[in-house]
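Subject: Handover of a structure

Dear colleague,

Please find below the structure that I am handing over to you. My notes on what was found in it follow directly after.

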Amino acid sequence: MSESKTCVELPILDISQPLQQSSLSSLAEACKTWGFFLISNHGISRDVYSRIYMLSHQLFSLSSDTKLQLGPSSSSKTYIPHFIASPFFESLRVDGPNYFESAQTSANILFDQQSSEFSELLKEYGSKMTELSKKIVEVLLMSLGNGIEKKYYESEFKNCDGYLRIINYSPPESLEDEVEGLGMHTDMSCVTIVYQDEIGGLQVRSKEGKWMDITPCKGTLIVNVGDMLQAWSNEKFRSSEHRVVLKQPVNRLSLAFFWCFEDEKMILAPDEVVVGEGDIMRLYEPFVCSDYVKFRENNERGKFEKVGFTVKDFAGTSSHSNCDDNNQNMKVLSSCSYI
Ligand SMILES: O=C(O)CCC(=O)C(=O)O
Ligand SMILES: [Fe+2]
C-alpha cells in the first residue's frame, strides 16, 4: 500500500449545545461530501471507556477455543473470529434493545466467575448510544431543511434499533508495512457511531478514490452515514467506503454502534427529500431493509460488508449511471424513475 494519504478535516458537532444554523450547514456539507463528522460533549465519560476497554481486552485475551463457543455459526454472529473479516480482526457483537441480556449471555459463556460488570457497562453504553443516535438522526433531518424532521422523524425512524460491535485488531508483531485490519466497505446502518482509541487507522475514501485518514480527536466520537440513510435521503447524505489500516504493531480496540431501521421497513425517500435543491431524480427503487441485508450477506463479494455490491447495485435506479461511479459492477434494476 503506497498511496499518499492525507487527513480529512471533519466538522465537530457539540451535541450539548443548542443548534446553530451554521452548524447545520457544515454538517449537511460534510455528510454530502464525506458521510462522516465528529461529535463532542456526548456525555460518555473516559472512565466508562477505560472500563469497557479493560474488560474487552480481558475477553479477547481468552483462548480461541473459549471465544469460539460464541460462534460463528449461521444462527449466531456474536463472535467473529480472525480470518473472516481479516487475519487481524475479531469482534464481539452486543445486541439491543436489551444490551444487558445480550452481553450477559456472552459473559456467562466466556468468564468463569459470574459477574455483571461487563453487562452493566454495556447496558449503560447501549442506552447512551441509543439516545445519541436518535438525536443525530433528528439533527441530520433538520439539516435537510423544510421542516423535514417534523414531518418524518417520528413516522419513519421511530422503530430503529441498534447493536454494538466491540472490535479487537491485532496486527502481526513484525509489521514492516501497514496492513488492512478491515477492508473497504460501507455500513448498512442509518448511522454508525465509532469510538476509536488514540492509535487511529480509520480511513475514508474520497469521491475521487483517495484514502484519507480520520485522525483520532480526543473526547470525540466519529459518526458515519450508512447505506440505509443514503438511500432514504436520496443521496443528500453519502454512505462512504471506509476501512481500517494498522500501521503500528500494537493492539487497537474500537466500539462501533450501528443504528438501523427495523428489518421489515420499506425504504423510500419522501418526495420532499428527493426534490431538495432542484434534484428531481429518484435514485433508489423502494426496497425492504432485510432484503438488502440478505443481498449483502448472500453475495460472495459482499461478504462481511466488503464493498463489491452495495445499496446502489441493489436498488439504484438508472439515474445512477450518470453519477460518479467507478464501480464496474453496477447492476441497474430498473429504468429511470422521476417523481
Ligand atoms: O474499527 C473502526 O474504527 C471502524 C469499524 C467499522 O468500520 C465497522 O465495524 O463497520
Ligand atoms: Fe464500517
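I begin with the metal site. Along the chain, the donors of the iron ion (ligand 2) follow the spacing H-x1-D-x54-H. In this predicted model, the iron ion (ligand 2) is coordinated by NE2 of His185, OD of Asp187 and NE2 of His242, at 2.1 to 2.2 Å. The two histidines bring together distant parts of the chain, since histidine 185 belongs to strand E7 (residues 179–185) and histidine 242 to strand E12 (residues 242–246), 57 residues apart. Are these two histidines buried or exposed? Histidine 185 has a relative accessibility of 5% and therefore counts as buried. Histidine 242 is likewise buried, with a relative accessible area of 5%.

The setting of this site is as follows. The protein has 10 helices and 17 strands. Of its 339 residues, 54% are buried. Among the contacts in the protein with a separation of 6 or more, 76% are accounted for by residues 24 or more positions apart.

Helix packing comes next. Two packed helices are described by the angle between their axes and by the distance between those axes. Helix H4 (residues 99–110) packs with H5 at an angle of about 145°, and their axes are 8 Å apart. The crossing of H4 and H5 is right-handed. On the H4 side, the contact is made by Tyr99, Phe100, Ala103, Gln104 and Ala107; on the H5 side, it is made by Phe118, Ser119, Glu120, Leu122, Lys123, Gly126 and Thr130. By class, the contact of H4 with H5 has six nonpolar, four polar and two charged residues.

Helix H5 (residues 117–143) also meets helix H6 (residues 148–157), where the axes come within 8 Å and cross at roughly 140°. H5 and H6 are therefore oblique to each other. Their crossing is right-handed. Which residues form this contact? Lys134, Val137, Glu138, Leu141 and Met142 in H5 meet Ile148, Glu149, Tyr152, Tyr153 and Phe157 in H6. This contact of H5 with H6 comprises seven nonpolar and three charged residues, with no polar ones.

The loop between H5 and H6 contains asparagine 146. Most residues other than glycine have a negative phi, and most peptide bonds are trans. Asparagine 146, although not a glycine, has a positive phi of about 55°. With a relative accessible area of 72%, asparagine 146 is exposed.

Asparagine 234 is found in the loop between H7 and E12. Its phi is near 50°, a positive value in a residue other than glycine. Is asparagine 234 buried or exposed? Asparagine 234 has a relative accessible area of 2% and is therefore buried.

I also note two peptide bonds. The bond from glycine 71 to proline 72 is cis, with omega near 5°. Proline 72 lies in the loop between H3 and strand E4 (79–80). The bond from glycine 96 to proline 97 is cis as well, with omega near 0°. Proline 97 lies in the loop between strand E5 (89–95) and H4.

Helix H9 (residues 289–298) holds the buried residues Cys289, Ser290, Tyr292, Phe295 and Arg296. What do the buried residues of H9 pack against? Their partners are helix H7 (227–232), strand E14 (266–267), strand E16 (287–288) and helix H10 (311–315).

Serine 61 has a relative accessibility of 52% and so counts as exposed. In sequence, serine 61 and asparagine 168 are 107 residues apart, while their C-alpha atoms are 9.9 Å apart in space.

With kind regards

Notes: Residues are numbered from 1 along each chain as its sequence is written. Chains are lettered from A and ligands numbered from 1 in the order in which they are written. This is a predicted model: local features need pLDDT of at least 70, side-chain atom pairs count only at pLDDT 80 or more; totals for chains, interfaces and linings use all residues. Side-chain values use heavy atoms; hydrogens and water are left out. Axes are lines fitted to C-alpha atoms, for helices over the stretch in contact, and angles run from 0 to 180 degrees between N-to-C directions. Helices (H or I, at least four residues) and strands (E, at least two) are DSSP runs, numbered from the N terminus. Angles under 35 degrees count as roughly parallel, over 145 as roughly antiparallel, 65 to 115 as roughly perpendicular and the rest as oblique. A crossing is left-handed if the near helix is turned anticlockwise from the far one by less than a right angle, and right-handed if clockwise. Contact means heavy atoms within 4.5 Å. Ala, Val, Leu, Ile, Met, Phe, Trp, Tyr, Cys and Pro count as nonpolar, Asp, Glu, Lys and Arg as charged, and the others, Gly among them, as polar. Donors are N, O and S atoms within 2.8 Å of the metal (3.2 Å for Na, K and Ca); water is not among the atoms, so sites may look incomplete. Buried means under 20% relative accessible area, exposed over 50%, partly exposed in between (1.4 Å probe, protein chains only).
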